[in-house]
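User: I am new to this structure and would like a close look at one part of it, the salt bridges. Could you walk me through them and then show me what else ties the chain together?

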Amino acid sequence: MTGAAAARAGVCDAAFMHDGGAARFSGQGSMTLSADLAFSGVSQLGHGQCRARVQGSASFVYMGIPTGATRLDYLMTVRGGQASFVRYDKAGEAPSHDGRFDLRMLGLFSYDKVREGQHLPGASYRVNIGSDSPVGQQPAITVHVGTKTVGAARDMDTPRGSQSCMPITYSRSTDPVKLSFNGLVLPIQGVRSTVTDWFCPRLDLVVRQDIAQDDARSSVTLTQLH
């Protein structure tokens, strides 16, 4: 994963990052991810570094093709803006590539202090959807993110009431991939879209991600936060 310093995961300071914390994200559209997550065993390892057990479920929809819901029980470690996962029953082992899942795909990643008009460098990362991964048994998807532009804040309704949130807009594209669905191997073309992350500084959290692809619209929205 590259460009982590530009948009570091503020997950360690997010509103759900405590024992008993919970977050639910609901996705709608052609390329979305929904997740129902609970956090326990949270420990702070230093500035911008933390660890927690993440349990719950996630489902991924790619170009309208569901990969199915998967139960989660992972040890998450955040270091230097990068989140890595390993299955909890293997927590004594080093995370394998198949066990990695980029937290940004869940919309839980956050940003350092941002200001209107600021430009943040892009990044590229792989969502490894392998045998040890949270969202099924499909090959990795490479995601390319363009330069991010911070817009003017506006008030938004969130599970924590009205919050001042800043739109952070950028291009996002994926490479072509082959997905297995009900025994069929389907070639899926790469996707180009424009994404807006609605980041609320007081929550240190993105509460909604809007995705525009041609005439199609998708979104991932924070619906519960404890």
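Analyst: Arg208 and Asp210 bring their side chains together in a salt bridge, with N to O at 3.0 Å. This is a predicted model, so please read every value here as computed from it. How exposed are the two partners? Arg208 has a relative accessible area of 23%, which makes it partly exposed. Asp210 is also partly exposed, with a relative accessible area of 23%.

In total, the structure holds three salt bridges. Another of them pairs Arg24 with Asp36, whose closest N and O atoms are 2.7 Å apart. Arg24 sits in strand E1 and Asp36 in strand E2 (residues 31–46), so this pair ties together parts 12 residues apart in sequence. Arg24 counts as partly exposed, at 32% relative accessibility, and Asp36 is partly exposed with a relative accessible area of 32%.

There is also a salt bridge between the side chains of Asp73 and Arg53 (2.8 Å, N to O). Here strand E4 (residues 65–79) supplies Asp73 and strand E3 supplies Arg53, so parts 20 residues apart in sequence are tied together. Asp73 is partly exposed at 27% relative accessibility, and Arg53 is partly exposed with a relative accessible area of 24%.

Now for the covalent links: the count comes to two disulfides. One joins Cys12 to Cys50, with S to S at 2.2 Å. The link of Cys12 and Cys50 is left-handed, with -85 degrees about the S-S bond. Cys12 belongs to the segment before strand E1 (21–28) and Cys50 to strand E3, so distant parts of the chain, 38 residues apart, are linked. Both Cys12 and Cys50 are buried.

The other disulfide is formed by Cys165 and Cys200, with their sulfur atoms 2.0 Å apart. The torsion about the S-S bond of Cys165 and Cys200 is about 85 degrees, so this disulfide is right-handed. The pair links strand E11 (residues 161–174), which holds Cys165, to strand E14 (residues 192–200), which holds Cys200, and the two cysteines are 35 residues apart. Cys165 and Cys200 are both buried. Counting bonded cysteines along the chain, the disulfides follow the pattern 1-2, 3-4.

The largest nonpolar core has 50 residues, and Phe16, Phe39, Met76, Tyr111 and Leu225 touch the most other members. Strand E3 (residues 49–62) gives the most to this core, with five residues.

Technical notes:
Residues are numbered from 1 along each chain as its sequence is written. This is a predicted model: local features need pLDDT of at least 70, side-chain atom pairs count only at pLDDT 80 or more; totals for chains, interfaces and linings use all residues. Side-chain values use heavy atoms; hydrogens and water are left out. A nonpolar core is a set of buried Ala, Val, Leu, Ile, Met, Phe, Trp, Tyr and Cys residues joined through side-chain atoms within 4.5 Å. Buried means under 20% relative accessible area, exposed over 50%, partly exposed in between (1.4 Å probe, protein chains only). Helices (H or I, at least four residues) and strands (E, at least two) are DSSP runs, numbered from the N terminus. A disulfide is a pair of cysteine sulfur atoms within 2.5 Å. A salt bridge is a side-chain nitrogen of Lys or Arg within 4 Å of a carboxyl oxygen of Asp or Glu.
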